Amino acid sequence: KTDTTLLEVNNIEVIYNHVILVLKGVSLNVPKGGITALLGGNGAGKTTTLKAVSNLLKSERGEVTKGSITYRGERVQEMSPADLVRKGVIQVMEGRHCFEHLTVEENLLTGAYTRKDGRGAIQADLEMVYNYFPRLKERRKSQAGYTSGGEQQMVAMGRALMSRPETILLDEPSMGLAPQLVEQIFEIVKSVNENEGVTFLLAEQNTNVALRYAHYGYILESGRIVMDGPAADLRENPDVKEFYLGMS
Ligand code: ATP
């Protein structure tokens, strides 16, 4: 592991529809090779932060009105979402967003669209994805719209991996999944991080599970970071225990 910072969010403010101030000065750092968790309750601004990072706010009538976001030192606000994908940053959105009418395998292959390294490499990565998600191999010919919520989460993550990303922004991977499946998804995040060296920034309401897998955590409340620290420290923090760990 190195100390290189990949993503730096510096004191950003985000406003929706010109009037609704949702992020009130959020700063965070994502080091290369780490799993960083952005925690907080419903409506705290986690999704907004991830969308600001991947430059997806415009379609929501949102705007970064203050502060800056850089990836490897380059300003994200000047990049298109496609530029970011080319630089290795990929977002897995909340709610999975599979192509319902395509098969599981076709969905995975759509993740490789920016690559120019040919069929052999893409085929090898498909096998890599099936290695992490054996269930997807079993279901590879099924129409994605007919697979379960957990399988669709796997498809969304697998599709992200097919672009050979440097960083995955993962929004609420536990949402709507049974506890056992949540654990399984986080185990996969951990092994992808360890074996492929992929950096993660994940937004999660489930503080309990996120702090067991992340290296570092930021807690967001009403658009402000109220606490941050190594995950092991946050797990032992009395306030975190009282307000966050008791709930999940
Ligand atoms: P969730 O777990 O519900 O996704 P979150 O922490 O990700 O919560 P955000 O989705 O970032 O929170 O929302 C933060 C605040 O911004 C909420 O009060 C929400 O109502 C508001 N908000 C989100 N999107 C928009 C939008 N497009 N226009 C106006 N307000 C919005």
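E166 is buried, with a relative accessible area of 18%; buried here means under 20% relative accessible area, exposed over 50%, and partly exposed in between, using a 1.4 Å probe and protein chains only. This is a predicted model, so to speak of local features takes pLDDT of at least 70, side-chain atom pairs count only at pLDDT 80 or more, and totals for chains, interfaces and linings use all residues. Residues are numbered from 1 along each chain as its sequence is written, and side-chain values use heavy atoms, with hydrogens and water left out.

E166 sits in the loop between helix 6 (149-161) and strand 7 (167-171). Helices (H or I, at least four residues) and strands (E, at least two) are DSSP runs, numbered from the N terminus. Setting aside neighbours within four places in sequence, E166 is in contact (heavy atoms within 4.5 Å) with L6, K32, Y71, R72, K87, G88, G197, V198 and T199.

Strand 3 (residues 35-39) is mostly covered too, with 5 of its 5 residues buried. In a regular strand, side chains alternate between the two faces of the sheet. Here I35, A37 and L39 point one way, T36 and L38 point the other way, and all are buried. Strand 3 runs parallel to strand 8 (residues 199-204), joined to it by 5 bridges, and also pairs in the parallel sense with strand 9 (residues 216-221) over 4 bridges. Pairing calls for at least two bridges found by DSSP between the two strands. A37 has a bridge partner in each: L202 in strand 8 and G217 in strand 9.

On to the ligand. Of the 16 residues around it, N42, G43, G45, T47 and T48 come nearest; a residue is near if one of its heavy atoms lies within 4 Å. By class, this shell has 4 nonpolar, 8 polar and 4 charged residues. Ala, Val, Leu, Ile, Met, Phe, Trp, Tyr, Cys and Pro count as nonpolar, Asp, Glu, Lys and Arg as charged, and the others, Gly among them, as polar.

As for individual atoms, a polar side-chain atom of T48 lies 2.5 Å from a ligand oxygen, and a backbone N or O atom of G43 lies 2.8 Å from a ligand oxygen. For E94, a side-chain N or O atom is 3.3 Å from an oxygen atom of the ligand. Taken alone, the ligand exposes 630 Å², and the protein buries 68% of that (Shrake-Rupley areas, 1.4 Å probe). Strand 2 (20-31) and helix 1 (46-53) are the elements giving two or more residues to the shell, and helix 1 provides the largest share, 3 residues.

Notes
Polar contact = N/O pair within 3.5 Å; in protein donor to acceptor, adjacent residues only side chain to side chain.
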